[in-house]
Amino acid sequence: MAHINYTETIEQLKRLNSNLFGKDFLITWQKSDDDLKQILYVAELLRYLRDNNISTRCFDSGLAISNFRDNSTRTRFSFASACNLLGLEVQDLDESTSQIAHGETVRETANMISFLTEIIGIRDDMFLGAGHTYMLEVGEALNDGFANGVLPQRPGIVNLQCDIDHPTQSMADLLHLKTTFGSLENLRGKKIAMTWAYSPSYGKPLSVPQGIIGLMTRFGMDVSLAYPEGYGLIPDVVETAAKNAAQSGGKFNVSNSMEEAFENADIVYPKSWAPYHVMQRRTDLLRNKNVEGLKILEKECLAQNANYKNWECDAAKMKLTKSGNALYMHCLPADISGVSCAQGEVSNEVFEKYRIPTYVEAGYKPYIIASMILNNKFKNASEIIEKLHSQKNKRVV
Amino acid sequence: MAHINYTETIEQLKRLNSNLFGKDFLITWQKSDDDLKQILYVAELLRYLRDNNISTRCFDSGLAISNFRDNSTRTRFSFASACNLLGLEVQDLDESTSQIAHGETVRETANMISFLTEIIGIRDDMFLGAGHTYMLEVGEALNDGFANGVLPQRPGIVNLQCDIDHPTQSMADLLHLKTTFGSLENLRGKKIAMTWAYSPSYGKPLSVPQGIIGLMTRFGMDVSLAYPEGYGLIPDVVETAAKNAAQSGGKFNVSNSMEEAFENADIVYPKSWAPYHVMQRRTDLLRNKNVEGLKILEKECLAQNANYKNWECDAAKMKLTKSGNALYMHCLPADISGVSCAQGEVSNEVFEKYRIPTYVEAGYKPYIIASMILNNKFKNASEIIEKLHSQKNKRVV
Amino acid sequence: MAHINYTETIEQLKRLNSNLFGKDFLITWQKSDDDLKQILYVAELLRYLRDNNISTRCFDSGLAISNFRDNSTRTRFSFASACNLLGLEVQDLDESTSQIAHGETVRETANMISFLTEIIGIRDDMFLGAGHTYMLEVGEALNDGFANGVLPQRPGIVNLQCDIDHPTQSMADLLHLKTTFGSLENLRGKKIAMTWAYSPSYGKPLSVPQGIIGLMTRFGMDVSLAYPEGYGLIPDVVETAAKNAAQSGGKFNVSNSMEEAFENADIVYPKSWAPYHVMQRRTDLLRNKNVEGLKILEKECLAQNANYKNWECDAAKMKLTKSGNALYMHCLPADISGVSCAQGEVSNEVFEKYRIPTYVEAGYKPYIIASMILNNKFKNASEIIEKLHSQKNKRVV
């Protein structure tokens with residue numbers, strides 16, 4: 001159930017000065033604070049309407065295209081749920097080859113699939129330097145098609161995870177925090193530890209930790225990033241996080257100690273990722289289809305990872321947090337020691353204690369995505385929400 | 001066209017004391033007689049509404065998840081049709097690997113795909129002892145998620161075929177019989193021969209014959225199960241069938257003679273399956289990925305099958321039935337001698353005579369599934385049907 | 001934006017004497033002139049309604065089946081868009097094997113997927129002599145099922161490309177021409193050059209050039225077909241084109257010179273295809289799964305193609321056309337020299353000049369398909385359009 005006051009949230013929404021209409025949602029730090037708040041409020045209002053059996057269908061027809069260049073279950077279903085909630089029908093775009101299409105192919109395909117399309121969700125997180133670039137390229141193609149009368153509407157783009165950011169995840173995480181702590185204002189001064197954690201796999205994208213440090217530094221939080229030496233993120237993003245913290249009156253700290261990050265933390269987000277420089281090497285190898293090189297790199301990295309098996313979120317480390325009781329977060333699935341692997345990111349004991357909260361955390365994603373779509377397609381979201389609210393069409397008969 | 005009287009059927013429906021709301025539909029013998037009747041009546045009413053161009057849309061949004069762990073065309077389309085008929089959008093869950101997921105993966109995935117989901121249809125019939133168990137596990141995960149506030153609704157589960165039962169098939173078959181013979185009451189005393197038949201393939205699931213003997217013994221029918229020595233079904237299910245027959249005033253007989261079963265039968269259902277003990281060995285081999293063992297088992301079984309090529313439903317055997325004119329049934333596709341194989345379950349002559357009735361039989365399945373969904377999601381099905389009926393929204397403009 | 005006058009187009013529509021209701025749309029030359037005009041007008045009206053934010057939903061439920069026996073992106077999305085525009089939900093039929101199913105399998109599957117299905121879109125263009133035949137077979141199966149009470153409605157079939165014709169493409173092309181030149185009447189006497197063009201691939205279907213010569217000869221156009229010696233089309237279709245031209249007061253000319261065809265042309269359509277006799281050999285080899293033979297044939301054909309690299313639509317050849325300014329058309333994707341291949345069907349310079357018009361050309365396809373569906377399912381299209389128009393349900397809230 002949504003825990004919001006409808007009238008109050010609508011009023012807050014009306015006071016915002018956002019600029020989301022017709023703009024792709026690719027990276028949170030390219031959006032204003034009001035933009036982000038607008039996404040949160042509309043997400044909450046959509047959830048409120050659904051929870052009260054009020055239809056949120058804004059479209060009588062229209063396609064939503066799901067373009068996953070990497071595997072996904074939860075984000076795929078979140079996107080499908082969001083589109084369906086608004087009345088759009090999802091069609092999957094399966095690119096037969098995994099090679100990165102460029103130039104005329106991207107430009108043409110983007111238009112060919114978009115004649116009656118309202119939104120395109122893209123996941124492209126495999127290649128460093130490629131995912132975000134691809135989304136920009138698709139966006140340019142759509143601008144071109146719309147400007148030239150090819151497309152009767154300009155489909156919006158929602159980034160469902162790229163090499164840089166994972167905004168539907170980080171915004172769902174933020175809404176989880178807002179709900180858990182009562183308000184955005186209450187997050188001010190709260191310490192969140194975004195830390196690397198050991199996993200017996202390699203090549204996990206950087207977009208989640210980057211998304212978290214890039215977003216949570218916006219709201220006066222005390223963001224503590226920690227990873228073993230050599231496991232750094234994209235330097236630009238780290239800089240952005242530092243700048244955000246300075247502007248919002250928060251803190252941003254980087255260390256090589258999980259314990260230091262956990263110390264007195266209100267929230268912990270321990271999650272594995274591959275080091276930035278490894279992702280760069282991996283991208284080159286993937287581009288050159290160097291299978292042998294990839295095997296060698298994987299072996300090397302797993303050996304390197306194995307040096308940090310103690311980077312596990314266990315009961316002892318949780319004791320270091322505020323009252324030993326920090327909120328544990330994860331984008332799921334987590335590598336749970338003794339459950340999904342011999343040793344992983346989190347001990348079974350800790351995970352089991354926070355299992356339900358991590359599910360609840362994930363449950364915000366469909367509404368966040370629906371909000372991103374609605375705000376991209378409608379200039380005045382509060383007007384749409386109020387129309388839906390007053391229409392009172394039932395979602396279920 | 002539906003052959004029912006609307007008012008009469010609604011009245012019959014109202015007199016039932018069923019308990020389907022919020023309950024997964026996994027196995028017919030776990031349902032009461034009233035439950036089963038309710039499924040049939042609502043299926044007939046939904047068909048009546050559609051035949052009269054009245055919209056049966058109960059949902060304005062909502063997902064229906066189709067989880068097929070085995071190939072399927074007809075059940076997949078039946079499920080999609082049923083969901084669409086009620087206003088739900090189908091999303092396929094493709095499990096990338098064919099391995100049997102367990103534990104946290106099942107629990108988590110079940111929740112992650114269900115935030116805005118109303119129903120989950122599952123086919124899992126490959127592994128003896130696994131399919132039904134998996135559905136129970138998914139159900140538990142959904143209970144857990146709903147109880148803990150993760151899910152705003154508890155998605156229902158419809159068994160689209162497991163290792164034990166195939167209720168959407170057997171219930172569609174029952175509705176076919178009800179329509180053909182005029183009423184459930186008229187089925188009392190009618191003899192149905194559920195027999196093994198020869199096929200040049202092996203490993204066919206047991207769920208259809210088990211579903212038939214488990215269901216048809218409920219309505220006072222004279223159920224005659226026949227198979228070559230060594231081709232037995234799961235003992236528990238056979239016991240259940242015997243008990244059902246005793247309770248309903250019907251008969252249940254097991255023999256090793258196709259002719260004996262056909263003798264004076266009103267209905268015949270000749271269909272191949274793999275022996276229970278073979279399915280057990282096959283399950284072990286599949287679990288252990290013993291490819292060599294599977295090949296040996298297949299060879300052995302096909303050789304064994306070949307001893308029973310005379311278990312073919314041909315004109316001579318049909319002559320043994322009541323007035324030589326029994327209703328031939330099959331879940332399709334049948335192995336038709338000289339058509340889909342050199343020698344199979346049924347002669348071309350017999351199949352061709354009953355081809356259309358077998359198609360009609362299959363045509364009940366979408367309505368049966370839609371009824372299972374509607375009854376799972378709404379406490380008072382007759383009220384919903386009456387609302388749809390009085391609204392008179394057109395299905396086609 | 002649609003450029004039509006609503007009232008005028010509705011009036012024109014009402015004056016037509018078409019016969020599309022309940023008829024599959026497989027080949028344009030089996031349709032009357034009024035049939036074709038009706039498809040165009042209804043397509044324009046549907047576009048007009050959508051452009052004016054008026055819902056064109058005719059179905060509250062119902063499936064549309066997408067059966068692609070060959071890869072496709074643009075036609076697949078066009079079909080999905082069209083179905084969604086009318087309120088139908090697309091379900092993909094994936095035939096697990098690429099073998100050509102025949103007989104009982106086709107008959108049965110066609111019925112099994114059709115209980116609640118309104119339309120079936122089929123692409124089957126791989127095998128010469130097979131695609132169209134397959135569609136007829138499916139149609140027969142549906143007739144049989146409908147006549148025998150298996151199906152409550154007879155799903156229509158739309159040919160999404162077969163071995164003979166590609167009517168959704170050619171009709172979209174015709175609508176593009178009608179819009180570009182102002183009216184069908186204005187096309188009279190206009191010269192269109194349908195020419196082969198060089199491509200570094202082989203085995204491209206004949207259906208596009210065949211579709212173009214079979215359709216454009218209907219409206220008094222001067223159709224000039226040109227290809228290198230040995231690259232002929234199916235003789236029957238060429239004969240049909242000649243007959244059409246004679247009847248419509250147009251011209252039909254065949255030559256072996258791209259320059260001759262381009263000379264003074266108003267429209268050029270340069271596109272690669274495999275010679276008819278090669279497609280015949282290829283079909284035999286595919287049927288016999290003769291992998292070695294296919295490799296030899298491919299090598300042979302590519303070598304043969306390489307003799308005609310000068311069949312490229314470049315600036316020099318465009319200068320030969322009417323005022324050097326003919327409309328360039330292509331079904332996309334084109335093989336663009338220096339872009340998608342070293343040397344191909346069209347120079348980058350020419351393609352870039354006409355890129356946007358080719359996109360616009362493709363943009364008619366969803367409406368053409370929607371029109372084919374609507375005309376198949378409703379006897380009186382103008383009545384339906386007027387009902388939708390007067391209802392004024394909004395497509396977007």
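A: Angles under 35 degrees count as roughly parallel, over 145 as roughly antiparallel, 65 to 115 as roughly perpendicular, and the rest as oblique. This is a predicted model: local features need pLDDT of at least 70, side-chain atom pairs count only at pLDDT 80 or more, and totals for chains, interfaces and linings use all residues. Residues are numbered from 1 along each chain as its sequence is written, with chains lettered from A and ligands numbered from 1 in the order in which they are written.

The pair is α1 (residues 6-15) and α15 (residues 381-391) of chain A. Their axes (lines fitted to C-alpha atoms over the stretch in contact) lie 9 Å apart, at an angle of about 155 degrees. α1(A) and α15(A) are therefore roughly antiparallel. From α1(A), the contact (C-beta atoms, placed from the backbone, within 7 Å) takes Ile10(A), Leu13(A) and Lys14(A). α15(A) supplies Ala381(A), Ser382(A), Ile385(A) and Glu386(A). By class, four of the contact residues are nonpolar, one is polar and two are charged.

Now the domains. Chain A is assigned domain 1 (6-165 + 364-391) and domain 2 (171-362). Their centres, taken over C-alpha atoms, are 26 Å apart. Domain 1 of chain A puts 21 residues into the contact, and domain 2 of chain A puts in 24. On the domain 1 side, α2 (33-51), β4 (156-162) and α14 (365-377) of chain A each give two or more residues. α2(A) has the largest share, five residues. That side of domain 1 of chain A holds 12 nonpolar, three polar and six charged residues.

How values were computed
Axes fitted to C-alpha atoms, helices over the stretch in contact; angles between N-to-C directions. Helix = DSSP H or I, 4+ residues; strand = E, 2+ residues; numbered from the N terminus. Contact = placed C-beta atoms within 7 Å. Nonpolar A, V, L, I, M, F, W, Y, C, P; charged D, E, K, R; others polar. Domains from an automatic or database assignment.
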